[in-house]
Amino acid sequence: MDRAPYGTTYEPTVVGPFEGECSGVVGASGVALAAGVTRAVGVTDEARATAAAPTETALPRPAGTGAPATGRGGRRRKPAPRPETLRRLLPQALVVAFLAGGTSAFVAHDKSVHLSVDGEERTLHTFADDVTELLADEGVEVGDHDLVAPAPGTELHDGDEVAVRYGRPVRLTVDGRRREVWTTAHTVAGALRQIGVRGDGAYVSTSRSQPIGRHGLDLHVRTERDVTVQADGHRRTLRTNAATAQEAVDEAGIVLGDHDTLSVAPDSFPRDGQTITVLRVRSREQTREEVLPYETEHTRDDSLYEGTEVVDRAGETGLRRVTYVLRTVNGVRQKPRRISAELVREPRARQVRVGTKPRPAAAAGGGGGSGDGLDWGALAACESGGRANATDPSGTYGGLYQFDTQTWHSLGGSGRPQDASAAEQTARAKRLYAQRGTAPWPHCGSRL
């Protein structure tokens with residue numbers, strides 16, 4: 001820049017009032033303010049045109065000879081501003097101060113926060129004061145089973161990290177016991193660790209890497225247990241995650257026979273420390289014939305003396321064929337079990353007539369004397385048709401007077417009465433008459 005000649009007088013020229021506008025731009029990392037000035041009241045078109053030029057004070061113009069005017073030390077003297085210039089610059093200074101204060105407050109409330117929602121992460125700027133307000137602004141809804149860290153209501157600061165993990169229902173069955181649990185894990189393996197289920201050697205119904213959706217899933221887990229299997233006098237303890245007692249026995253390498261069974265239900269769940277005993281069952285069938293007793297039917301008969309019974313039909317036993325199963329369990333014999341029965345012959349009832357007629361006076365005395373003079377032939381004709389070897393259809397009674405074997409022997413006879421002579425039979429009949437009267441012959445005793 002060329003200097004003016006020494007001694008030249010300068011007249012400062014001041015750029016007139018100008019028009020400017022203020023604008024603010026908020027960026028991703030803060031607020032950037034574009035400087036501006038306010039419109040002065042009553043500014044002329046010429047002044048506006050002047051304001052379009054750079055707002056820099058023009059160099060002084062020489063007023064005389066053109067010689068440079070210098071002060072002490074060769075420096076130019078700075079002219080004092082005019083009062084009119086100060087009045088014009090004061091509104092601009094106030095506007096700049098106001099904008100600077102607003103910008104500082106704007107920047108102070110803006111925060112950069114890192115938000116992770118169920119694994120989806122992003123960094124955002126927010127004016128939220130706490131975690132609850134941040135989640136509401138971002139449209140993130142959480143429930144009782146969801147995890148938020150830091151907790152809702154915690155005050156936010158610039159650079160904070162907020163994590164949200166949604167809860168997922170897991171309908172879990174562990175070793176036969178069913179329950180519903182909630183987890184924020186995304187996979188089955190993570191859920192097992194979070195719930196505290198032992199996973200080593202356990203059976204899991206689905207892949208451990210299986211993702212768990214928001215609706216949850218059904219999960220069956222069988223942990224390893226110590227189960228003892230006892231069979232054929234030997235014991236074996238194995239570590240197993242079997243679902244049933246039968247599976248545990250199969251894992252022990254024990255083969256069951258057609259009739260063998262277990263000490264517990266084969267489909268029951270084997271508990272830790274349980275002992276399962278194999279029961280070796282041996283069985284065979286046996287058929288037995290059983291005698292069925294007959295019944296006796298009594299009929300009152302007023303033609304017979306009291307205390308007199310006449311057997312009209314002898315009884316006959318029946319026969320039944322029964323089949324049993326004989327079982328032994330581990331060598332111990334069990335109670336026979338009937339599995340079938342067949343009726344071979346029905347029993348036939350014994351029919352007996354019981355007398356109700358009062359006894360004659362002679363008989364009522366307890367005996368009829370020697371019996372001489374009585375019509376024994378008439379009695380024999382009535383009882384046996386007069387045949388000494390006669391026998392009734394049942395084979396129970398025989399002879400002229402139809403003795404039964406027991407009565408015949410009580411009178412001193414031997415063998416069968418129908419095998420004895422007619423004279424012996426009559427003698428023993430007289431002896432019976434002397435003891436009991438006509439009672440032994442209730443139907444034909446009246447013929448004597």
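**Setting up.** I am working with a predicted model, where local features need pLDDT of at least 70, side-chain atom pairs count only at pLDDT 80 or more, and totals for chains, interfaces and linings use all residues. Residues are numbered from 1 along each chain as its sequence is written, and side-chain values use heavy atoms, leaving out hydrogens and water.

**The count.** I searched the whole structure and got 18 salt bridges. A salt bridge here is a side-chain nitrogen of Lys or Arg within 4 Å of a carboxyl oxygen of Asp or Glu.

**Asp218 and Arg171.** I found a salt bridge between these side chains, 2.6 Å from N to O. Asp218 is in strand β12 (residues 217-222) and Arg171 in strand β9 (residues 168-174), so the pair ties together parts 47 residues apart in sequence. Strands are DSSP runs of E, at least two residues, numbered from the N terminus. I looked up accessibility next. Asp218 is partly exposed at 44%, and Arg171 is partly exposed at 24%. My cut-offs for relative accessible area: buried is under 20%, exposed is over 50%, partly exposed is in between (1.4 Å probe, protein chains only).

**Arg353 and Asp301.** The closest N and O atoms of this salt bridge are 2.3 Å apart. Arg353 sits in strand β23 and Asp301 in strand β18, so the pair ties together parts 52 residues apart in sequence. Asp301 is buried, at 13%.

**Arg345 and Glu316.** I noted a salt bridge of 3.8 Å, N to O. Arg345 lies in strand β22 and Glu316 in the loop between β19 and β20, so parts 29 residues apart in sequence are tied together.

**A network.** I also saw Asp232, Asp260, Arg280 and Arg282 linked by salt bridges in a network.

Note on methods:
Helix = DSSP H or I, 4+ residues; strand = E, 2+ residues; numbered from the N terminus.
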